[in-house]
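The entries follow the order in which I looked things up.

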Amino acid sequence: MVQSFEIAVFEGDGIGPEITAPTLRILEAMAKSQQDYQLAFTQAPAGAALYAETGESLPSASMETARRADAILLAALGLPSVRYKDGTEISPQLDLRIELDLFAGVRPVRVVPGQPTPLKLADGQTIDFVLIRESTEGLFHSKGKGEVTRDEARETLLITRKTSEKLFRFAFDYAQQRKQSGAGKGRVTCVDKANVFRAFAFFREIFDGVAKEYSHLTADHAYVDATALWMVEKPWLFDVMVTENMFGDILSDLGAGIMGGLGLAPSADIGHDHAVFQPCHGSAPDIAGKGVANPFAMILSAAMMLDWLGTKHKIETMVSDGARLRDAVYQVVADGRMLTRDLGGNSGTQAAADAVLEQITAKG
Ligand code: ATP
């Protein structure tokens, strides 16, 4: 039986459309060669350019498309030059996280042999861990609600038991899946600052409570400052890390740095009913329209989408297509001939994406 999935596509601003087009072409080619799933893409207009034109950054019709879709693929929303009246940037992706309750931000950090990384790795050594960032509360809960007087500024962090329990169960389930697939050791590290803040002692206590439900997995803790150091000194130690929104925001950019830049950093924001898949980078207006943007983070995000949909709907070919797509990107990276400028090469967006498609086709 063929199962059809509707994918809401937010191609957005800047380089968004340039990296979306080749990604959809690859997804279409993969789905076409399979008997048991089909993908239908629905464009959902949103973003800063749309706001400048119409005064709306996330029209209700696009929100409806997102709500109805089986999954959401998002390229980049926002432009530094276009702002709301209060001076903040247009970021409908943050609204989507809240509206669709996408509490778990999944940020894989992976370095394979041949991949440009600022770290000195032993020959053949790899890095493969996942950072899970709470994405609906924490310090970001204060967004738009901060109080600023001439002499003081206050922003309040929120951590709730309900969201933290969902988040930690998600992290342990994720670690369990990684262990089963041979990718991880079955270890979850709670990253916090429980030595200084009561809110983080609370966060940690909830983590320890949930950990008891997963006694077959390993649970431990690390302070966020030490984690930043260890991510650089011994990143191979980590498996799944779970943390508060703001800490996760900062550590995921450190993760992108380890991977050789934002161009290879995919992400997913996942809730119980919906999920958004998008590269960690922004709309890169400085290179937009030049055909030089790296499409790999977007393609890797699409691979995460296949994996999530396939796991959710129990379609093995979809899960294995996700893995095939990810492997194809890393093979092109390791090969080193078809890299974009940000990775030290001189290929354009199209050529780099074509190399991924060729890799997949060659492997059948
Ligand atoms: P945001 O705040 O929207 O996340 P940002 O301020 O982090 O965005 P980006 O738009 O991600 O900024 O761009 C940061 C730098 O990385 C820019 O120099 C940009 O050209 C580069 N960059 C981002 N994405 C890519 C990509 N896919 N390919 C090549 N370079 C990129």
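How many nonpolar, polar and charged residues are in the lining of the largest pocket? I counted by class and got 20 nonpolar, seven polar and 10 charged residues. I note here that I am working from a predicted model.

**Largest pocket**

I looked up the volume and found about 1100 Å³ of space in the largest pocket. The lining is made up of 37 residues, and those closest to the centre of the pocket are Tyr-174, Gln-177, Arg-178, Asp-307 and Thr-311. I then listed the elements that give two or more residues to this lining: strands β4 (104-111), β5 (127-134) and β11 (268-270), together with helices α5 (161-180), α9 (296-312) and α10 (316-335). Helix α5 gives the most, with eight residues.

**Second largest pocket**

For the second largest pocket I have a volume of about 650 Å³. I find 28 residues in its lining, with Ser-91, Gln-93, Leu-94, Arg-97 and Asp-249 closest to the centre. Two or more residues of this lining come from each of α4 (92-99) and α8 (245-258). Sorted by class, the lining of the second largest pocket has 11 nonpolar, 10 polar and seven charged residues.

**Cavity**

With a cut-off of 30 Å³ or more, I count one cavity. The volume of the largest cavity is about 40 Å³. I wrote down its lining as Glu-134, Glu-137, Gly-138, Leu-158, Ile-159, Ser-164, Phe-203, Glu-244 and Asn-245. By class, this lining splits into three nonpolar, three polar and three charged residues.

**Helices α1 and α10**

Helix α10, which I had already listed for the largest pocket, came up again in a helix pair. I describe two packed helices by the angle between their axes and the distance between the axes. The axes of α1 (residues 16-32) and α10 come within 11 Å, and they cross at roughly 135 degrees. Is the crossing of α1 and α10 left-handed or right-handed? I have it as right-handed.

Which residues of α1 and α10 meet? From α1 I list Ile-26, Leu-27 and Met-30, and from α10 I list Asp-321, Arg-324 and Leu-325. The residues of this contact divide into four nonpolar and two charged, with no polar ones.

Key
Residues numbered from 1 in each chain as written. Predicted model: local features only at pLDDT ≥ 70, side-chain atom pairs only at ≥ 80, totals over all residues. Heavy atoms only, no water. 1 Å grid on protein atoms, 1.4 Å probe; cavity = no way out; pocket = protein on both sides within 12 Å on 5 of 7 lines; lining within 4 Å. Points joined across faces, edges and corners; volume = space filled by probe spheres on them. Nonpolar A, V, L, I, M, F, W, Y, C, P; charged D, E, K, R; others polar. Helix = DSSP H or I, 4+ residues; strand = E, 2+ residues; numbered from the N terminus. Axes fitted to C-alpha atoms, helices over the stretch in contact; angles between N-to-C directions. Left-handed = near helix turned anticlockwise from the far one by under 90°. Contact = heavy atoms within 4.5 Å.
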